[in-house]
Amino acid sequence: MMLLIFFILSILLAGFALLSPGKAITKGIAVVFSASLIALAIHAWINTGSTELSYFTFDGTSVLLLSVLALLTLPTVYHGFIYTRYDTLKRFNIYHSGLISLMTFMTGAYLANTMTVLWIFVEATTLAVAVLIYHDRTEIALEATWKYIFICSTGIALAYLGILFLGLIYGRGDTPNLSFSSLSQVAAMADPLYLKIAFVFVVVGFSTKMGLFPMHTVTIDAHSVAPPPVSALISTTLMNVGFLGIFRVYSLFASSPVLPFMNSVLILAGVLSLLVAAGYMLKAKHVKRMLAYSSFENMGLVAIALGIGGQGYYAALLLIILHSLAKSSLFYQMGQLSRILHTFRLDECGRYMKLYPAGGAVLLTGMITILAIPPSGMFIPEFMIFRAMVTGGQWLVLVVSVILLTFVIYAMSTRIMHISFSSPRSEGSTGQPDAVNPAETISQFVLLGLVIAACFYQPPFLVDMISRSIAIFPK
Amino acid sequence: MVNYLIVTFAVTLIYFASAERLSTYVRLIALHGLLLCGIAVFELKEVNLVNLLFIIAETLFFKAMILPWLLGRIIGRSGVTRVHRQAVPGFYLLLFSIAGLLISVSLARILLNPFINTIYLAIALFTLYTGLLLIVTHQLIISHLIGFLVVENAVFLFSLAVGSEMPMLINIGILLDLFVGALILGFFGLKLKPHTNELTMLKD
C-alpha cells in the first residue's frame with residue numbers, strides 16, 4: 001500500500017513540478033518528494049522481505065540501494081536548487097520534474113522482483129536522465145544526451161535479448177512471469193548454454209548503466225556534461241541500477257553450473273574496466289571526466305569482487321554503498337568548483353584551497369576517501385577484495401589490479417593536489433570567483449564523514465542486511 | 001507462409017549491406033514493418049485478440065509508416081542521399097553480411113531448443129548482427145539510427161519467436177519501439193545535424 005501511495009504521489013508531484021507557477025512551490029514539491037522517498041526507505045527497512053503490488057519486493061539488496069538513494073535525495077535536491085537558481089521558471093520546473101521522475105524510476109528498478117519490470121524501469125530512467133543531461137541546452141549537452149540515449153537504448157535492447165533467453169529456459173505451458181523467485185527454481189536445471197548467452201547479453205546491456213567495460217563511454221560523456229547534482233546521481237545511484245540488473249541475474253544463476261563462467265566474465269570486464277579507467281585518468285584534462293573514470297574504476301572493482309566470490313560478495317555491496325556516498329559528495333563539490341574557478345579544465349584550475357578553503361577541504365578529504373586510503377571506509381571492502389583474491393589464488397588478477405590501482409591513485413592525487421595548491425597552467429577562465437557560502441559543503445562533509453566512520457565501525461543493521469543479500473551465494 | 005516471410009526478411013538484410021542510398025534504407029525499414037506484421041499474424045495464433053491487434057497496429061502503423069516517415073523527414077532536412085562516402089565500402093559490407101548469415105545459422109543450430117523455431121533464431125541473430133554492423137561500420141548519425149532500428153527489429157523477431165508462450169514479452173518489446181521512435185527520431189533525430197559525423201566535441 002505504501003509503495004502504491006509513493007508511486008501515485010511521485011507521479012502527481014512530477015506533474016505539479018512541471019506546471020508549478022513559482023520556483024518556491026517547485027522547491028516545496030521537491031522537498032515533499034524527498035521526504036516521501038525517505039519515508040519509503042524507512043518503510044522498506046521495517047518490512048524487509050515483504051512483497052507489495054505483486055511486482056515489488058523489499059529484499060536485502062533493494063533495501064540497501066533504496067537507502068542510499070534516500071540518503072542522497074535531500075543533498076541532491078539542495079544542490080539542484082543552487083545549480084538552477086538563475087534558470088527560467090520553465091527550465092527550473094523541467095529540471096525538478098525530471099529529477100523526481102528519475103528517482104522514482106530508480107526506486108522502481110531497485111524494488112522490482114521480476115526481470116521485465118526491472119527492465120522497464122531501467123528503460124524509464126534513460127528517458128528521465130536524458131532530460132536532465134540536456135538541461136543546459138548547449139550543443140555539447142545535446143551531443144552527450146544523444147550518445148547517452150542511443151547507446152543506452154542499444155544496451156537496453158541487448159539486455160532485453162538476454163531476458164528473452166532467460167524466458168527460453170522455461171518449458172512450454174509454464175507461466176513465465178520471469179520473477180526472480182520462479183527463475184531461481186528453474187535456473188539450476190536449465191541448459192547452461194542458454195544461461196551463458198543470457199548472462200553475457202545482460203552484462204553487456206546493463207553495463208551501459210553500470211558504466212562497466214565495454215559500454216562505459218556513454219556514462220563518461222554524460223557525467224562530464226550533466227549538472228553536477230545530476231552527475232552525482234548518474235555516478236552513484238544510477239550505476240547501482242545497472243549493478244543491480246547484473247547482480248540479480250548473477251544471483252539467479254549462482255547455483256547453476258555456469259557460475260565459473262560468470263565469474264570469468266565479471267573478472268575480465270572488471271580488469272578491462274580498471275585498465276581503461278587507469279589509462280584515461282592518466283591523461284585526464286577535465287575534472288568531471290576524471291571523477292567519471294574513477295566511478296568506472298570502482299565499478300570495475302565491484303565486478304572483480306563479484307567474480308572472485310567469497311568475501312568479495314560482501315565487499316562488492318559495501319563498496320557500492322560507500323562509493324555512492326563518497327562520489328556523490330565530490331560531484332556536489334563540482335558545482336561549487338565551477339562557480340569559483342569557472343572551468344572544469346584541469347589546466348585552468350588551481351589555487352582552490354586559497355580561493356575556497358571549505359571546498360578545497362572537501363576535495364582533499366574526498367580524494368583520500370575515494371582512493372580508499374585509510375581512514376576511508378572504502379579501504380575495508382578493497383582490502384577484503386584483495387584478501388579474497390589471495391584466498392582464491394587469483395594472483396594474476398591481484399597483481400594486475402594492484403598495478404592499475406597504483407596508476408589510478410597517482411593520476412587522481414596529482415590532479416587534485418594541482419587543483420588545490422598549484423597555480424593554473426593556463427589562464428583560460430575569466431572572471432572573479434563567485435561568492436560561495438562554505439555552509440554549502442556541510443552535506444558533503446556529512447557524507448564523507450559517514451564513509452570514514454565505516455572504516456572504524458559498521459553498524460550491525462548494515463552488516464546484517466548485506467549478509468542477507470549475499471546469503472544465497474556459495475561460501 | 002511464415003518461412004517465406006522470414007526468408008524475405010533475411011534477403012532484405014543482405015540488401016541493407018549493399019545499399020548506398022538512404023532512401024533505400026527507409027524503404028527497407030518500411031518493408032521490415034510489413035514483413036514483421038505478416039509474421040506476427042501467421043505466428044501468434046495463441047495470443048488473445050487484443051494483444052494481436054496491438055501488435056499488428058504497432059508493426060503496420062508504427063514500423064511500416066511512422067518510423068519511415070520520420071526517417072524521411074530527417075533525411076530531407078539533411079539533403080544527403082548516399083552513405084558510403086563515410087562508411088566501409090558496400091562490397092566489404094556484403095562479405096561481412098554473408099559471413100554473418102553463416103555464423104547466425106551455425107549458432108542457431110548449436111542453440112537448438114524445442115520451444116523456438118531454428119529459422120526464427122537464425123534470422124533474429126542475423127538481424128542483430130546486421131544492425132550492429134551498420135552502427136559500427138557507418139559514421140553518419142542517420143546510419144546509426146537505421147542500425148538501431150534494425151537491432152530493434154531483431155529484438156521484435158526474437159520476441160515473436162517465443163511470443164506464443166510469452167505475449168507479455170512482446171508488449172514490452174513494443175514499449176521499446178515506442179520509446180525509441182518517439183524520443184530518438186522525433187526529438188533528437190530532428191535536433192541533431194544528421195548528415196554529419198560531428199559528434200566529437202566530447203572526448204578526452
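Which residues in α3(A) meet which residues in α19(A)? In this predicted model, Gly60(A), Thr61(A), Val63(A) and Leu64(A) are the ones on the α3(A) side, and they meet Met465(A), Ile466(A), Arg468(A) and Ser469(A) in α19(A). Sorted by class, the residues of this contact come out as 4 nonpolar, 3 polar and 1 charged. The two helices, α3 (residues 60-83) and α19 (residues 460-469), both belong to chain A and pack at an angle of about 135°, with their axes 7 Å apart. At that angle, α3(A) and α19(A) are therefore oblique to each other.

Helix α3(A) has a few other things to show. There is a bend of about 35° at Thr73(A), and a proline, Pro75(A), follows within four residues. As for its length, the 24 residues of α3(A) should span 34 Å at 1.5 Å a residue, and the 34 Å between its end C-alpha atoms agrees with that. Of those 24 residues, 18 are buried, so α3(A) is largely enclosed by the rest of the structure.

Another pairing in chain A brings together helix α5 (residues 115-133) and helix α6 (residues 139-167), which pack at an angle of about 175° with their axes 9 Å apart. Because of that angle, α5(A) is roughly antiparallel to α6(A). On the α5(A) side, the contact is made by residues including Met115(A), Trp119(A), Val122(A), Glu123(A) and Ile133(A). The α6(A) side brings in, among them, Ala141(A), Tyr148(A), Cys152(A), Ile156(A), Tyr160(A) and Leu166(A). By class, the contact of α5(A) with α6(A) holds 15 nonpolar, 4 polar and 1 charged residues.

Over in chain B, Ala17(B) is worth a look. Ala17(B) sits in helix α1 (residues 2-18) of that chain. Is Ala17(B) buried or exposed? It counts as buried, because it has 21 C-beta neighbours inside 10 Å, and the cut-off for being buried is 20 or more. Leaving aside residues up to four places away in sequence, Ala17(B) touches Gly90(B), Leu93(B), Leu94(B), Phe96(B) and Ser97(B). Ile98(B) lies 81 residues from Ala17(B) along the chain, yet the C-alpha atoms of the two are separated by 9.3 Å.

Chain B also has its own helix α6 (residues 141-161), and here 21 of the 21 residues are buried, leaving α6(B) mostly covered. Its 21 residues should span 30 Å at 1.5 Å a residue, and the end C-alpha atoms of α6(B) are 30 Å apart, so the two values agree.

Notes
Residues numbered from 1 in each chain as written. Chains lettered and ligands numbered in written order. Predicted model: local features only at pLDDT ≥ 70, side-chain atom pairs only at ≥ 80, totals over all residues. Axes fitted to C-alpha atoms, helices over the stretch in contact; angles between N-to-C directions. Parallel < 35°, antiparallel > 145°, perpendicular 65-115°, else oblique. Contact = placed C-beta atoms within 7 Å. Nonpolar A, V, L, I, M, F, W, Y, C, P; charged D, E, K, R; others polar. Buried ≥ 20, exposed ≤ 12 C-beta atoms within 10 Å, placed from the backbone. Expected span 1.5 Å × (residues − 1). Bend = angle between axes of the 7 residues up to and from the residue.
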